[in-house]
Amino acid sequence: FKPRQVYAACSDNMRLYLDTVKGDRALPDALDFIRAAELMLRELGINQSAWDDACNAMGPIEAALSVIVIDAGQYRSSRPIHSPGGALRAFTRRHKAGQLNLTGSIIGMIERSREK
């Protein structure tokens with residue numbers, strides 16, 4: 001998947017944050033995704049400690065992509081995510097156990113966004 005696809009699949013709120021941090025550039029880069037995710041933490045109700053744990057376990061880009069997937073997951077028609085903080089902690093636990101399929105989650109997010 002490409003940054004353009006991830007950007008297009010983001011929620012309206014996440015795209016707003018991405019547009020703010022990327023400035024005049026056409027597409028966000030990895031650092032923009034990280035900055036936007038950090039800015040969304042409070043709005044999503046994700047504790048700084050959950051973010052720090054995710055960054056330490058999987059690195060900041062994967063943590064940011066996890067937040068983006070979780071944010072988009074709040075708007076799913078089936079099984080929406082109701083606790084973003086709990087979801088990020090679950091993603092971190094799955095990553096540590098070698099059971100997190102973040103690529104599959106992102107692909108699913110992209111596919112769902114195309115169905116709208």
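In which hand, left-handed or right-handed, does H4 pass H5? The crossing of H4 past H5 is right-handed. The views below come from a predicted model, in which local features need pLDDT of at least 70 and side-chain atom pairs count only at pLDDT 80 or more, while totals for chains, interfaces and linings use all residues. Residues are numbered from 1 along each chain as its sequence is written, and side-chain values use heavy atoms, with hydrogens and water left out.

**View 1. Packing of helix H4 against helix H5.** Helices (H or I, at least four residues) are DSSP runs numbered from the N terminus, as are strands (E, at least two). The axes of H4 and H5 come within 7 Å and cross at roughly 130°; axes are lines fitted to C-alpha atoms, for helices over the stretch in contact, and angles run from 0 to 180 degrees between N-to-C directions. The two helices are therefore oblique to each other (angles under 35 degrees count as roughly parallel, over 145 as roughly antiparallel, 65 to 115 as roughly perpendicular and the rest as oblique). Trp51, Ala54, Cys55 and Met58 of H4 form the contact with Pro60, Glu62, Ala63, Ala64, Ser66 and Val67 of H5, contact meaning heavy atoms within 4.5 Å. By class, these residues divide into 8 nonpolar, 1 polar and 1 charged (Ala, Val, Leu, Ile, Met, Phe, Trp, Tyr, Cys and Pro count as nonpolar, Asp, Glu, Lys and Arg as charged, and the others, Gly among them, as polar).

View 2. With 0% relative accessibility, alanine 54 counts as buried (under 20% relative accessible area; exposed is over 50% and partly exposed in between, with a 1.4 Å probe and protein chains only). Apart from neighbours within four places in sequence, alanine 54 is in contact with Gly59, Ala63, Leu88 and Thr92. The C-alpha atoms of alanine 54 and arginine 93 are separated by 8.8 Å, although these residues lie 39 residues apart along the chain.

**View 3. Packing of helix H5 against helix H6.** Helix H5 (residues 60-73) and helix H6 (residues 84-96) have axes that come within 10 Å and cross at roughly 135°. H5 and H6 are therefore oblique. Residues of H5 in the contact are Glu62, Ala63, Ser66, Val67, Val69 and Ile70, and those of H6 are Pro84, Ala87, Leu88, Phe91 and His95. This contact has 8 nonpolar, 2 polar and 1 charged residues.

View 4. Serine 66 has 0% relative accessibility and so counts as buried. Not counting residues up to four places away in sequence, serine 66 touches Met58, Leu88, Phe91, Leu100 and Leu102.

View 5. Helix H3 (residues 30-44) has 15 residues and reaches 20 Å from its first C-alpha to its last, close to the expected 21 Å (1.5 Å times one less than the number of residues). Buried residues of H3 include Phe33, Ile34, Met40 and Leu44; among the elements covering the buried residues are helix H1 (3-9), helix H2 (12-22) and helix H4 (48-58). The axes of H3 and H5 come within 8 Å and cross at roughly 50°. That angle makes H3 oblique to H5. The residues of this contact divide into 12 nonpolar, no polar and 1 charged.

Definitions and conventions
Left-handed = near helix turned anticlockwise from the far one by under 90°.
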